Amino acid sequence: MNKKIILLSVLSVFMYACGGGNTSSSQYLTGITYDSTSGKLIVVDYGLNIIQLVSALTGTATLTTLAGSSGNSGSSNGTGTSASFYGLHGVVADTSGNLFVSEVFNNGIRKITTPTSTATVTTFVGVLGTAGSADGTTTDAYFFYPRGITIDSSNNIYVADSVNHTIRKITSAGVVTTLAGYAGTSGTTNGTSSAARFNFPNSVVTDGVNVFVADSQNNSIRQIVISTGVVTTLAGNTSGTSGYLNATGTSAYFYIPVGIATDGTNLFVADYYNHSIRQVAIATGVVTTLAGNGTSGYVDAVGSSAYFSYPLGITYYSGNLYVTDQSGAKIRIISTTTGSTTTLY
């Protein structure tokens, strides 16, 4: 079987169609972010092809649709529910409160301005519906199943371009370049810019100096120095072998890490098939488990007494992690100081 199709199957939990098939019409929450302008969480629903506002940061929340036609896929730009998406995966907010979302099957990044019920959706970069690997400006650029995205304080966006095995950079003017990796070639090699190799990177986060990558099929966490493009392995073994082991640096093991967030000191990783949230100290590479225990389930508790089922999206805000947990399409809250897990939605 083609290895691209194999990985898409691995990341699916029956929802990602192998090789680019249809999304589901069921709720399937993927990317999540905190928008400092509105003071709200935003979540995208891969299954229903909609972008949603989360009503609260604590307690019990509800979801309100900002853009997209629920249960319908497409590539139409427009206002609110007149717009359509196909394979929503990642979401970030810029310093003005505009949202940017990545779409796996539309192979592009869309922009949502005035994110309320009158949100206006446009194409920011990429040729919707066409896969490729070209750098360029706005619709001269091409992507191949872009997944996780992150943004820095200068509104530069970084994208895990999964099937191209590359990390792309997009300026606020829509200029797309390749920060690291070589399009169409997978591997485990550390190096500078195009000499480095990734294997289906799924998610990224930045501290403004580095981009950290959840390199899913390599079962590792990679670090890219933005100014030089130098890529190293911060945690996880360098051979791509999966497992579940807390240790330091390349002695630690992950099993398809798909989501990543940071508080500036630590990275927090949604370790998909280990059903847990792992913590990586940026300075030392020491890996520990913050919540979950490697077994699938649904229990709110502290540390390893909590259970998750295929955690995917993750974001950090004010001492808490917000995680999209695929079993039952839940949003879980984890305190980074106590490891206590509760359910927000």
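**Close-up views of a predicted model**

**View 1. Strands β25 and β26 pair.** Six bridges join strand β25 (residues 320–325) to β26, and the two run in the antiparallel sense. The model shown here is predicted. Within this pair, Leu321 faces Ile334 of β26. The two strands form a hairpin with four residues between them. Gly328 sits in that turn and has a positive phi of about 80°.

**View 2. Strand β26 is mostly covered.** Six of the six residues in β26 (residues 330–335) are buried. One side carries Lys330, Arg332 and Ile334. The other carries Ile331, Ile333 and Ser335. Both faces are covered.

**View 3. β26 also pairs with β27.** Strand β27 (residues 341–343) is antiparallel to β26, with three bridges. Here Ile334 stands opposite Thr341.

**View 4. An open sheet of four strands.** The order is β1-β2-β3-β4, and the pairing is antiparallel. β1 and β4 (63–67) are the edge strands, each pairing on one side only. On average, neighbouring strands are turned by 30° against each other, direction ignored. Five bridges join β1 to β2 (residues 40–45). Tyr34 has Leu41 in β2 as its bridge partner.

**View 5. The largest pocket.** This pocket holds about 710 Å³ of space. Its lining has 37 residues; Thr33, Tyr34, Val92, Thr150 and Thr315 lie nearest the centre. Elements giving two or more residues to the lining include β1 (29–35), β6 (88–93) and β24 (311–317). By class, the lining has 16 nonpolar, 18 polar and three charged residues.

Conventions
Residues numbered from 1 in each chain as written. Predicted model: local features only at pLDDT ≥ 70, side-chain atom pairs only at ≥ 80, totals over all residues. Heavy atoms only, no water. 1 Å grid on protein atoms, 1.4 Å probe; cavity = no way out; pocket = protein on both sides within 12 Å on 5 of 7 lines; lining within 4 Å. Points joined across faces, edges and corners; volume = space filled by probe spheres on them. Nonpolar A, V, L, I, M, F, W, Y, C, P; charged D, E, K, R; others polar. Pairing = 2+ DSSP bridges. Axes fitted to C-alpha atoms, helices over the stretch in contact; angles between N-to-C directions. Buried < 20%, exposed > 50% of the residue type's maximum accessible area, 1.4 Å probe, protein only.
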